[in-house]
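Here is a friendly walk through one protein model in questions and answers. Have your viewer open as you read.

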Amino acid sequence: MITFEHVDVVFPDGFKGLSDVSLTIDRGEFVAVVGLSGAGKSTLIRTINGLVPHTVGTLTVGGRRVDPRNKAKLRALRSQVGMIFQSFNLVDRISVLNNVLAGRSAYTPTWRSLLGWYRPEDREIAFQSLERVGIVEKAYQRAASLSGGQQQRVAIARVLAQDPEVILADEPVAALDPPTAHQVMRDMRRIQQELDITCIVNMHHLDVARAYADRVIGMRGGEVVFDAPVAEATDAAIEEVYQRSLTAEDVVAERAEEGGS
Ligand SMILES: Nc1ncnc2c1ncn2[C@@H]1O[C@H](COP(=O)(O)OP(=O)(O)OP(=O)(O)O)[C@@H](O)[C@H]1O
């Protein structure tokens, strides 16, 4: 489904962000990418939707080559690959529903998006997406009025409205308190399994990675230095990735209770 073959990223200043990465990620896998700050986690996931252009090697998503220089192909790729960010990236002053409808923009003529004239079927998809993340009752509230956990759920709904094959998430729960982080990750995991979406998620905290991922990729200095099923991502294995002992800050608090906001 996603393949990296000997992929390098060299930034314009000459810094090598990725070095000889070869990986295959199957459809429906939930992959956590871990590593210390600056290890190359964001760079890795951003090459998948062409946000960071790879400079050497071959990268394919769903059998199609990622070609960062081909704008039409990039647009098509990005309609299939949704992205979620640490800071949610919602438009604060518009409604939750309109934020989610933005996920339909790849399927909507620009004039309709600009006027906010979405088709009834797009509105239906947006409502269904909000139902999946459990906040349909917030549809007409301004995005800014929601809690952090709710805002990240809106961002997930926006990506779902895109009908993606792949979701990339760059530290999606780093801005949330530990119980809320677990609740949002639990939702992501459930939805990913229900819809058979491939998820690749960067995260700092090991307990979150271990609780929700199928597979853990460890990075250091732009290289993949660990890649194994989650059961093998032991403390000793991650200490090897980090090249130091684990600290309490590498692991968040215990799991949240079921329910909650
Ligand atoms: N546009 C750029 N130009 C030059 N160097 C860059 C650029 N973007 C990232 N880097 C460098 O590439 C390295 C990897 O960055 P990246 O953001 O992928 O790390 P990360 O593992 O996601 O870190 P963090 O957890 O802090 O977000 C860092 O040393 C960073 O400074």
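A residue counts as near a molecule or strand if its C-beta atom, placed from the backbone, lies within 6 Å of it. This is a predicted model, in which local features need pLDDT of at least 70 and side-chain atom pairs count only at pLDDT 80 or more, while totals for chains, interfaces and linings use all residues. Residues are numbered from 1 along each chain as its sequence is written.

Q: Which helix gives the most residues to the shell around the ligand?
A: The residues surrounding the ligand include Phe11, Asp13, Gly40, Lys41, Ser42 and Thr43. Helices (H or I, at least four residues) and strands (E, at least two) are DSSP runs, numbered from the N terminus. With 3 residues, the top contributor to the shell is helix H1 (residues 41-48).

Q: How many residues of the ligand shell are nonpolar, polar and charged?
A: Ala, Val, Leu, Ile, Met, Phe, Trp, Tyr, Cys and Pro count as nonpolar, Asp, Glu, Lys and Arg as charged, and the others, Gly among them, as polar. Sorted this way, the shell around the ligand holds 3 nonpolar, 7 polar and 2 charged residues.

Q: Which residue in S2 is the bridge partner of Val7?
A: Two strands pair if DSSP finds at least two bridges between them. Across from Val7, the partner in S2 is Val21.

Q: Which strands are the edge strands of the open sheet of 6 strands?
A: This sheet has mixed pairing and runs in the order S6-S7-S8-S3-S9-S10. Pairing on one side only marks the edge strands, S6 (81-85) and S10 (223-229).

Q: Which residue in S8 stands opposite Val166?
A: Strand S7 (residues 166-170) pairs with strand S8 (residues 198-202) in the parallel sense, over 5 bridges. Opposite Val166, S8 places Thr198.

Q: Why is H5 called oblique to H6?
A: Axes are lines fitted to C-alpha atoms, for helices over the stretch in contact, and angles run from 0 to 180 degrees between N-to-C directions. Helix H5 (residues 120-132) and helix H6 (residues 148-161) pack with axes 8 Å apart, at an angle of about 135 degrees. That angle makes H5 oblique to H6, because angles under 35 degrees count as roughly parallel, over 145 as roughly antiparallel, 65 to 115 as roughly perpendicular and the rest as oblique.
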